[in-house]
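Here is a short briefing to read alongside the sequence and the 3D view. Please keep both open as you go through the points.

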Amino acid sequence: MSKFYRTSNYKERRAFDSFEEHLQWVKNATPVNLQESEEQREKRKAKARKDYRYFVGEYFPHYATAECSDFQVRLANLILKYPILRVIVAWFRFAGKSVHTNIFIPMWLKIQQPKQFHTMVLISKSLDAAKRLLSDLQAELQGNNKYNGDYGKQIKMGTWEEGEFTTKDGTSFVALGMGQSPRGLRNRQHRPDLYVLDDIDDDQTVLNESLIDKRIDWIMRALIPSMDVGRGRVLIPNNIMHEKSIIAKLVHRFKDNIDKLTQLGQDTSNPINTHYHISKVNIRDKNGKLTWPEKFTELEVDNLEIELGYAAAQTELYNNPITEGKTFKREWMQFKSLPSFNQYNDMVAYYDGGYKDTATSDSKSLVLVGILKGEYHIIKTYTGKATRMEAVEWHYDLHGWLRDQSAACRWYMEEVFMLDMLYDDFKAAAESKGYPIPLLGDTRKKPNKDLRIQSLAGAFERGNVYFNKAEESSHHMKTLIEQFLAFQPGKKTLKDGPDACEGAMHLLMDRIMASEPIHLGPRRTSKFQF
C-alpha cells in the first residue's frame, strides 16, 4: 500500500503522517485480554451482534469518546433491519456521520450471522477523497486487535491494496469517485450491495446547480442500477448545507418516493420492499434539548453557536441552510453616532416575545427605535434567548437606561402577548419593583410576518435605517443584525428581532406621517443583486 496518507475529516480522530502511524494507533488502542475465557469471549460476541451501542464502546474506544446517542443506535438498527434501504443521514456537524456509516456500521453488519453484505463501495467527491475515507476502515480491519481476535484475522495477503481490498471471508471493499462508472463492480457473483456516499457536497459544488443535477442523475441512473435489481443498502451521510445541494434535492426525491409507495399501498413492514428513510437530526431537538447530551454540554453548544454566528450555526447544526444577504444585505447594515434624545420626534420600544408552541419560542426581542428627519435609528436592542421573566427584566433595564438619559418612549407589545404576559409576569415585576412599565397593546391586524419584514428592505436599501454606533459591540445588536441578514421569505429562521423592528417602525410611521414628510434618499445599487 502507498505510504502516502492524509486524514479524513473525522473530528474524533487525531492527525497522522502515515497509514502506518494510524495503524499503530488502532493497535495500541485495542489490546486483547489474554486471560479471558472462551465463554467470556463468546458472550461478548453475542452481545455485540445484538447491541450496537455496546459494539461501538467495546471495539472502538479510540473513537468512542462518548457513549452512542439514541439516534445513532436507531440508525444502525434500521440499517440492520432492512436489506433493501436508501437512507439519508442528515445529522448535524460533529454528530459522527462519517465514522458511523464508513466504519462502525459496516463492521457491525459484517459480523452478523449471516453476514449482511458482500461488496461495499465507498464513494466521495473524488477518487482520492474516497481512498482516504476507505483507508480509515481498512486500518480498523487490519489493526483492530480486539475485533480480529473475536471475529478472525481480516487481512488477506495479495489483495490488501489502497482503494480496493478483500477480507479473508470474501468481503470486498472498493473506493469510487463521484461520476466514475460503477459498471462491472462485482465480487465473484455478488454485485455491490452496500454503497456509502460520503462528503459528496462541498461549498463550491453547491453553487453549480447543473453539476448537482448531473451527480443526482448519476446516482439514480448509474449507481443504484449497478446493484442486483436494486437489492442492497445505500447510505448517504451529509448535513443539508445548501438548499440546492445534492442532499437537499435527494431529500425531496425520497419524500416523493415515500408518498408514491404509500399511495400504492405498499406494505412498509415487509423488508423485501425498498425502504426510503431520512434520518434528520439537529444538535437540539424541537424542544431545545441536546440530542447527544453524552457528548456535548449546554455551555459548549451555546458557545459554539455564538462562535459560528446565526447563519452558519443554522446551516451546520440545524440542517437549515441560510444564505446571508438574500433580502437584507450586509452593506445596508450601517452604524453612526446618534444625536441626543431630545432631538427625536418620537421613540418606540417594541417587544416581540416569540410563540411558545414553536421550536424558536426561546428567542425574543425588545427594540428601541427612534425617528428623526426621515431616518429610523435602532438605538438599543435586547435580542436572543430568554425566559419570559428575563424578557421582563429587559424592559426594566431599558426603562432605567432611558431614565438615566432623561428620556422616555412609548412602550408596545403585540396584543396577543399582552393577554398572556401583562397581568402575570409584568404585574408580578411591578409589585416587586414598585412601578409598572406603561405597556400598550399593538392591536393592528397584521399581514403576513414575512411580507411585513420584507417591506423594510426598501428603507434599508435607501439608507434610511441606522444602528447606534455606541451599541456596535453589543451581542444583542449583533444578533439582531444576524437575523436581518439571515431572513428569507418562507424560510424558517429566527425573525423576532426584525419583526419587533417592523412593529416599532410602523408605529413611528403612523405618527410621523401627519406631521413631517418622509425623506427618501437615492436608491443604492448593490453588486450582490439576486
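What follows starts with the whole chain and then moves through selected strands and helices.

This is a predicted model. The protein chain has 530 residues, and 54% of them count as buried. It holds 17 helices and 14 strands.

**The chain as a whole**

- Among contacts in the protein chain with a separation of 6 or more, 72% are between residues 24 or more positions apart.
- Zero disulfides turn up in a search of the whole structure.

- Strand E4 spans residues 172–177, and six of its six residues are buried, so the strand is largely enclosed by the rest of the structure.
- In a regular strand, side chains alternate between the two faces of the sheet.
- In E4 both faces are covered: Ser172, Val174 and Leu176 are buried on one side, and Phe173, Ala175 and Gly177 are buried on the other.
- Strand E2 (residues 119–124) pairs with E4 in the parallel sense, over six bridges. Here Val121 stands opposite Val174 of E4.
- Strand E3 (residues 164–166) pairs with E4 in the antiparallel sense, over three bridges. Phe165 has Phe173 in E4 as its bridge partner.
- E3 and E4 form a hairpin with five residues between the strands, where Gly170 takes a positive phi near 90°.

- Leu127 belongs to helix H6, which covers residues 127–143.
- Is Leu127 buried, partly exposed or exposed? With a relative accessible area of 31%, Leu127 is partly exposed, because buried requires under 20% and exposed over 50%.
- Leaving aside residues up to four places away in sequence, Leu127 touches Ala175, Leu176, Gly177 and Gln180.
- Leu127 and Leu176 are 49 residues apart along the chain, yet their C-alpha atoms are separated by 5.3 Å.

**The seven-stranded sheet**

- Seven strands make up an open sheet with mixed pairing, in the order E8-E14-E11-E10-E9-E12-E13.
- Its edge strands are E8 (335–336) and E13 (439–442), each of which pairs on one side only.
- E8 runs parallel to strand E14 (residues 465–468), and two bridges join them. Phe335 stands opposite Phe467 of E14.
- Helix H16 (residues 475–486) packs on this sheet and touches E8, E10 (363–372), E11 (375–385) and E14. The direction of H16 makes about 100° with that of E11.

**Strand E11 within that sheet**

- How many of the eleven residues of E11 are buried? Ten of them are, which leaves the strand mostly covered.
- Strands of a sheet pair through backbone hydrogen bonds, either parallel or antiparallel.
- With E10, E11 pairs in the antiparallel sense over ten bridges. Leu366 stands opposite Tyr382 of E11.
- The hairpin of E10 and E11 has two residues between the strands, and Lys373 in the turn has a positive phi of about 50°.
- With E14, E11 pairs in the parallel sense over three bridges. The bridge partner of Tyr376 in E14 is Val465.

- Helix H10 runs over residues 298–308, and Val301, Leu304 and Glu305 are buried in it.
- Gly309 follows H10 and has a positive phi, near 90°.

Methods:
Residues numbered from 1 in each chain as written. Predicted model: local features only at pLDDT ≥ 70, side-chain atom pairs only at ≥ 80, totals over all residues. Heavy atoms only, no water. Buried < 20%, exposed > 50% of the residue type's maximum accessible area, 1.4 Å probe, protein only. Helix = DSSP H or I, 4+ residues; strand = E, 2+ residues; numbered from the N terminus. Pairing = 2+ DSSP bridges. Contact = heavy atoms within 4.5 Å. Axes fitted to C-alpha atoms, helices over the stretch in contact; angles between N-to-C directions. Disulfide = S-S within 2.5 Å.
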